[in-house]
Every structure is written in structure tokens, then in C-alpha cells.
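Dear colleague,

Please find below the structure that I am handing over to you. My notes on what was found in it follow directly after.

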Amino acid sequence: MTAVTRLEEYDVNELDAMDEAEFSGVAERHRRELHVHCYRMLGSFEDAEDAVQETYLRAWRRRETFEGRSTVRAWLYRIATNACLDLLEKRRPGPATGGEAHWLQPYPDHLLDELPAIGADEPEALAVARETIELAYVVAVQHLAPRPRAVLILRDVLGWPAKDVADLLGDSVNSVNSALQRARAGMREHLPAERVEWTGAEDDAANRELVRRFTEASVAADIDTIATMLRDVVRFAMPPTQGLIVGRDAVIADWVADGYPGMAGLRAVPTSVNRQPAVGYYIWDAEAGAHVPITVDVLRVSGGRVTEVTIFGRDHFPRLGLPERLEGESA
């Protein structure tokens, strides 16, 4: 089952007969899904932007290589995957280590909503699309070597046949199948063990209530109340700062050491990224006469507790559609 519903394809056999405007019209229809594909490969929203731009540049320059034996969509995915592999070789000679990826960036849900719709008659595809964009999955993927990573995403997320993946990578089907087995084993090693218990559905009233209470306690900097909502095995990371912290006591100790309980004048705006609840926090700035951005906290809920907190910096606020400031001192 593919995680992305196939779009209607143009009947195009020779893209080299098109002018640039016509070609852009064909390619642009696939931009968001190609961007999400590159994001899964790279873990960085900005690197995914670079990879998609490179994909379109290569596709335009090499449009004569499209022979009509596959869809334009599949052809673009081939180019995008190779663009990602080239970028990884150039920028990241080694995969992530230690359960984190310091280059990780959030993906706004309002952009994920631009993906081709998956209907209610495709529950498996819907589940795959959601689970494979969550931060823990994206981080785990970053621990794989580039080629097994590509195999895993093409086979398990996009549902490509092994032969097509082998053709893309210039490998044998046996090699692809072997790489897939290694990649799946790597994912089992790097995904949190409690992930099978996660329940993050948007229509889950209990989860929404937990996030609301967690947000209220966070605005009040009530560290004791926050602690009651964290699982014993809660995981905390703050990319690009290196250092994954696991365990409620260790996480609370880190937040206390950073002076969080003494913070005052906080306000919060709910949002969502990577199909997970998130909160944009603002702090009062007397000079600006307004509350200004400070962090975006992304949460993962499990068994009625928060099991993962990933904090991103203020530079992500514009991309997430969050206000650049909140006027007035009161909440």
C-alpha cells in the first residue's frame, strides 16, 4: 500500500518538447509530496527545499531522459532521491548517532495538508503517512546509512516494488531486499520502544485535554505539575543542541538547571507539526511592549502522559504560521 495517493498523470512521452512554463506546470503538481519525501530522507525542512530545487533543475536539464516507461511522478521521485543521496554525501558524511539528529527541523501540518488526499477507504495508507512523518520516525531514519534509508522509504513508505528501487539505485533486487532488512532492523533499534503505545489522533479528546493542561502548567512554569504529566521514560531533545535526555527525573533536572521555573510572563499559541500537537511559547519583552517568540514545543502522548518533548527555536515561528508577536501583557 502506498502512503501517497497517485495523482492523475499527464500523457507525456517527450518532455523535451515542452517549453519551460509547460514543464513547470507538470512538475509543480508534485512539489509538496516531493518535498515531504526529501524531508523524510534528510530530516531538515531547509535541506528538503534545496533538494527539491535541485530536483527540478536536474529534471528540466535532463528532460530528454524521460522515455514514458514510467509516470512523470515516478521519474521525479527518482531524481529527488538521487538529489538527496548526493546532498547527504556532501553535507553529512555520517548518519545521526545517540538517538537524536541535531539538524532536525519541524514540518508544519498546514503544509502537510497540501498532500494528495488519502481516503477513508485507505486506512493503511493513512496510518503509514501519519506514522512516517512523526519526529521519532524521522529521527530514527537519520540513523540509517543513506542508501538503506532510501530503500526503506521507497519500499515501506511509497510502496515501490523492489525491482524499481533496484533500478533507481543501480543495484540488484537481492541487494535491495537485504538493505531493506538491515534498515528495518535499524529502525527497530532506534525507534523508542514505547512508540507502539502512542495515541496521537486529532480526535482523541483525552489527548487534547492533556495537552491543554500541560500548556497551562508550562505557561505558569509550574514544574511540579508538569512532572506529573511526564512518563517515566520521557525523551527530551532541543535541536540543534546536541544531547538527548531520557527519563523524567533527568529531564526535570535539566529544565530546573536552565532556570525554567523562574520564567515569568509566558503566553502560548497552540499549533501542530509532524501530525503532533505543538505549542508556540512567547515571553514578555518590555522593550518591545509585547510578547515575543521563544520556543516551539512539540509533544508526543502515550498512555495518558507526555512521552516526548522536542523543543525548537524561535526561527521556526514564521514557517509554522505563528504570530511574530502577541500584543498586550495579559494572557
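This is a predicted model: local features need pLDDT of at least 70, side-chain atom pairs count only at pLDDT 80 or more; totals for chains, interfaces and linings use all residues.

Two strands are said to pair if DSSP finds at least two bridges between them.

β3 and β4 run antiparallel to each other and are joined over eight bridges. Within this pairing, Leu266 stands opposite Ile283 in β4. The two strands form a hairpin, with two residues between them. Asn274 belongs to the turn of that hairpin and has a positive phi of about 50 degrees. Asn274 is a residue other than glycine, despite the positive value. Is Asn274 buried or exposed? Its relative accessible area is 0%, so Asn274 is buried.

A positive phi is also found at Ala221, likewise a residue other than glycine, where the angle is near 55 degrees. Ala221 sits in the loop that joins α11 (205-219) to α12 (223-228). Ala221 counts as buried because its relative accessibility is 8%, which falls under the 20% limit.

The backbone also holds a cis peptide bond, which runs from Pro239 to Pro240 and has an omega near 5 degrees. Pro240 is located in the loop between β1 (230-238) and β2 (241-246).

I would next draw your attention to His143, in the loop between α7 (135-141) and α8 (146-157). With a relative accessibility of 10%, His143 counts as buried. The His143 side chain reaches the backbone oxygen of Val139 at 2.9 Å. What else is His143 in contact with, leaving aside its neighbours within four places in sequence? The residues concerned are Pro95, Ala96, Thr97, Gly98, Gly99, Glu100 and His190.

Finally, there is the matter of the cysteines. How many disulfides does a search of the whole structure find? The search finds zero. Cys38 is in no disulfide, and the nearest cysteine sulfur to its own is that of Cys84, 3.4 Å away. Cys84 is likewise in no disulfide, and its nearest cysteine sulfur is that of Cys38.

With kind regards

Note on methods. Residues are numbered from 1 along each chain as its sequence is written. Side-chain values use heavy atoms; hydrogens and water are left out. Helices (H or I, at least four residues) and strands (E, at least two) are DSSP runs, numbered from the N terminus. Buried means under 20% relative accessible area, exposed over 50%, partly exposed in between (1.4 Å probe, protein chains only). A polar contact is a pair of N or O atoms within 3.5 Å; within protein, one must be able to donate a hydrogen and the other to accept it, and residues adjacent in sequence count only if both atoms are side-chain atoms. Contact means heavy atoms within 4.5 Å. A disulfide is a pair of cysteine sulfur atoms within 2.5 Å.
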